[in-house]
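Here is a short tour to read with the model open beside you.

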Amino acid sequence: MAETDKDDLVSLLEDDDGNIEIPETMPLLPVRDVVVFIDMVLPLFIGRERSVRAVDRSMGENRLLLLSTQKDPSVEDPKPDDIYRVGTICRILRILKLPDGHFKVLVQGLEKGRIKRFLKKKEFYNVKVEVITDSPVPELQLEHQALMRNIRENCEKILTIRGEYSTEIGILLDDIEDPGKLADLVSSNLKLKIDEAQGLLEISDPIERLQKVNDYLSREVDLSMMQAKIQSEVRDEISKNQRDYFLREQVRAINKELGEFDDRGEEITEYQKQIKKAKLPNEAAREADKQLRRLEMMHPDSSEASVIRTYLDWILDLPWGKMTRDKIDIPAAKKALDKHHYGLEKIKDRILEYLSVRKLNPQKKGQILCFAGPPGVGKTSLGQAIAKAMNRKFFRVSLGGIRDEAEIRGHRRTYIGAMPGRILQGLKQCGSSNPVFMMDEIDKIGSDFRGDPSSALLEALDPEQNDSFSDHYLNLSYDLSHVLFILTANVIDTIPSALLDRMEVIHLSGYTLEEKMAIAESFLLPRQIRDNGLKKKNLAISDGAMQQIIEQYTFESGLRNLERELGAICRKIARKIAENEKGPFRITRTNLHSLLGPPKFIPEMDQEESQVGLASGLAWTSVGGEVLYIEATLLEGKGDLIITGQIGDVMQESARAVVSYARAHREEFGIKKDFFENLDIHIHVPAGAIPKDGPSAGIAMATALISAITQRPVDTEVAMTGEITLRGRVLPIGGLREKSLGALRSGIKKIIIPEKNRSDLSEIPKNVKRKIKFFPVSHINEVLAIAIGENLKAPAPSKSRKRK
């Protein structure tokens, strides 16, 4: 292609006679989102490689090409079937070559053309074209002239509505006498869909095309009139609001001169008094004054005014700087804790230490306390006791199941029904900026597409940051540094590490049998007697009956089910009294079943005798410690390992490690070389409907498997906890206190623990140590010696087990 100047700008003009010879073949230029009509002039941006080559070829020959529309504009490289067969033969009037090799061209439609055949498809589309001429129109009839006049008038209507009509346009429309040209001119300026515009292009009868254009034009007139009506109504509404506001302000000015005040003025004045009385921080006072000025300028019934009123009410209702005075009496606090909480000596000591530091240094930024333990051990009541000891208000909020960050930080005011988060809601309800704020179930917070509430809590719980906590709704800094946050959780494994790092975790492990009996006698039973309308003389429960209730009707670390069972007894006694039966009533082991029915909790398996391939492990769950029974058996097969009982990945890996250890040390157990090749090993953890996982069942699995291999029973009084390595080392575990209490409830008398957990024995209650003997071990051989016995040689296989 020849270049005419440095800017690659080529200006192409017609010959003087204006005649253009149209060849039979020419390049094809597919276009998107536009249908080109005859005499239509439009600019195009040429960027696709095929299109660039087609323009190059056209400029090198006669500057003519066929523009045809794609059926699907989203297709980047259209095939012949993706292009309409009827298009418009166009002439390139002007072309500008861009630095990246693309073009900007100005084209004009000359004639309609139909693609007869694609001659070239590789570099660009070169097609054989048939020129389409309109059908000849005889002398215009009266109805044809009326149709053309109607089209002109509709065009003028549309342009007038849009404010685009001018005298020149009217003259141009009147000068066109050819119906085909008028139809093409109007079609090129209508906002038509691609299929509608293509349909018009393919109609060769000018009158038919004109009628179709008239239909589309009438539709456009109706749409334009409706749009203009809507815009007019909006303008009228705005003008009415402005007029009402102006008149209202005049009325206010007149009332002011007369010494009369309207409700609107009283509302603003009342807000001003409350803002001044509230003694807000400077930032909050400035924002309140700003919003009040906005409210004063608004229509009182507008939705925005309602939003501002709610916002001002929240600012004024929050206890900015209002605090209760701490009255910390350590002896009185100790007395209150002992009165309402039996046992828990280390927990109460830590709480008293915390209160002592707060008394000596009230400005100290303390650690956030987190009470972790199974349900029913008194976590919430301890928080209430702390609030009472400090003379502070107490507020509790449950975070279990929260998934929306806005529950903590609040919603932004742009949303309908927006409100602050739960922290500021609690402070408003307390009316104090220094309450004891308890957040329950911190370990059960979720997260989804709405955000991560646990991350939002980081700012509120960090003593170095919470003096300027920002709520999305309030959008102001609020000082939370005086709030005493206490959190509760059943387990700490699900708490994010960044959040856990800001807490001091205090574990509440649960209660022993003796502690439960003392608590039931001193707290639970008197409360149930009182709540059920009884008197102390009406009911007495013997120690044996109370012990049976704890052991056979409840199985928990806490006290909720125990209190529930005591409540059931009290209700039945209340009914007897209401039916005029004479008391007093004494509950013993003999008549307990008549009130509570048969025992609800029995041992999971028959452990009266030691059994081969059955070992007792210990698990630490969200409800405390439990005994976990593990079975192992051998059966004829091909050396496969079968693991059942819905256990997790960690326990499955432990099982594989146990099998590998047994195979590696087969000579120690007197096992032949091909022993494992002819037998399958099946390891099962009963209660298969309950998911189980954790890194402390390794030695129990090893004991059960080696017991099955050697055909030696495992001591029924022994339970064990610890993980095993491929070399037989026993690794430390967590939750020893909880597991010990769970073993005690199940009647276990010996517990094998890792040697590295020896120091944790100091945390075990003394009455548990009296009933259970602990064996610290460092290797699996020590475990087997205690649980199975010294001689671990496998017996010779019987004839019935020999393979033929």
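The report below covers a sheet and its helices, a surface patch, salt bridges and one glutamine.

## Ground rules

This is a predicted model, so to speak: local features need pLDDT of at least 70, side-chain atom pairs count only at pLDDT 80 or more, and totals for chains, interfaces and linings use all residues. Residues are numbered from 1 along each chain as its sequence is written, and side-chain values use heavy atoms, with hydrogens and water left out.

## A parallel sheet

Let's start with the open sheet, where five strands pair in parallel in the order β9-β10-β13-β8-β14. Its edges are β9 (394–398) and β14 (503–507), each of which pairs on one side only. On average, neighbouring strands are turned by 20° against each other, direction ignored. Strands here are DSSP runs of E with at least two residues, helices are runs of H or I with at least four, and both are numbered from the N terminus. Two strands count as paired if DSSP finds at least two bridges between them.

Within this sheet, β8 (residues 368–372) and β13 (residues 484–489) pair in the parallel sense over four bridges. Phenylalanine 371 stands opposite threonine 488 in β13.

## Helices on the sheet

Helix α15 (residues 453–461) packs on the sheet and touches β8, β10 and β13, its direction making about 145° with that of β13. Helix α14 (residues 422–430) lies across β9 and β10 (436–440), running at about 150° to β9. Angles run from 0 to 180 degrees between N-to-C directions, with axes fitted as lines to C-alpha atoms, for helices over the stretch in contact. Contact means heavy atoms within 4.5 Å.

## Salt bridges

The structure holds 31 salt bridges, each defined as a side-chain nitrogen of Lys or Arg within 4 Å of a carboxyl oxygen of Asp or Glu. In one of them, glutamate 76 meets arginine 32, with the closest N and O atoms 3.3 Å apart. The two sit 44 residues apart, glutamate 76 in the loop between β4 (64–69) and β5 (86–97) and arginine 32 in the loop between β2 (25–31) and β3 (41–46).

Lysine 181 and aspartate 39 also form a salt bridge (3.3 Å, N to O). Arginine 350 and glutamate 504 meet at 2.5 Å, N to O. Arginine 350 belongs to helix α11 (residues 345–360) and glutamate 504 to strand β14, so their bridge ties together parts that are 154 residues apart in sequence. Elsewhere, salt bridges with shared partners join Lys112, Asp134, Asp184 and Arg209 into one network.

## A patch and a buried glutamine

Met226, Ile230 and Val234 make a nonpolar surface patch of about 270 Å². Patches are made of residues with over 30% relative accessible area and no salt bridge; like charges are joined within 9 Å, and nonpolar side chains (Val, Leu, Ile, Met, Phe, Trp, Tyr) within 5 Å. Areas come from the Shrake-Rupley method with a 1.4 Å probe, and for residues only the protein chains shown count as cover. Methionine 226 is in helix α6 (residues 206–258).

Is glutamine 548 buried or exposed? Glutamine 548 is buried, because its relative accessible area is 12% (buried means under 20%, exposed over 50%, partly exposed in between; 1.4 Å probe, protein chains only). Glutamine 548 sits in helix α18 (residues 543–552). Leaving aside neighbours within four places in sequence, glutamine 548 contacts Tyr553, Arg589 and Leu592.
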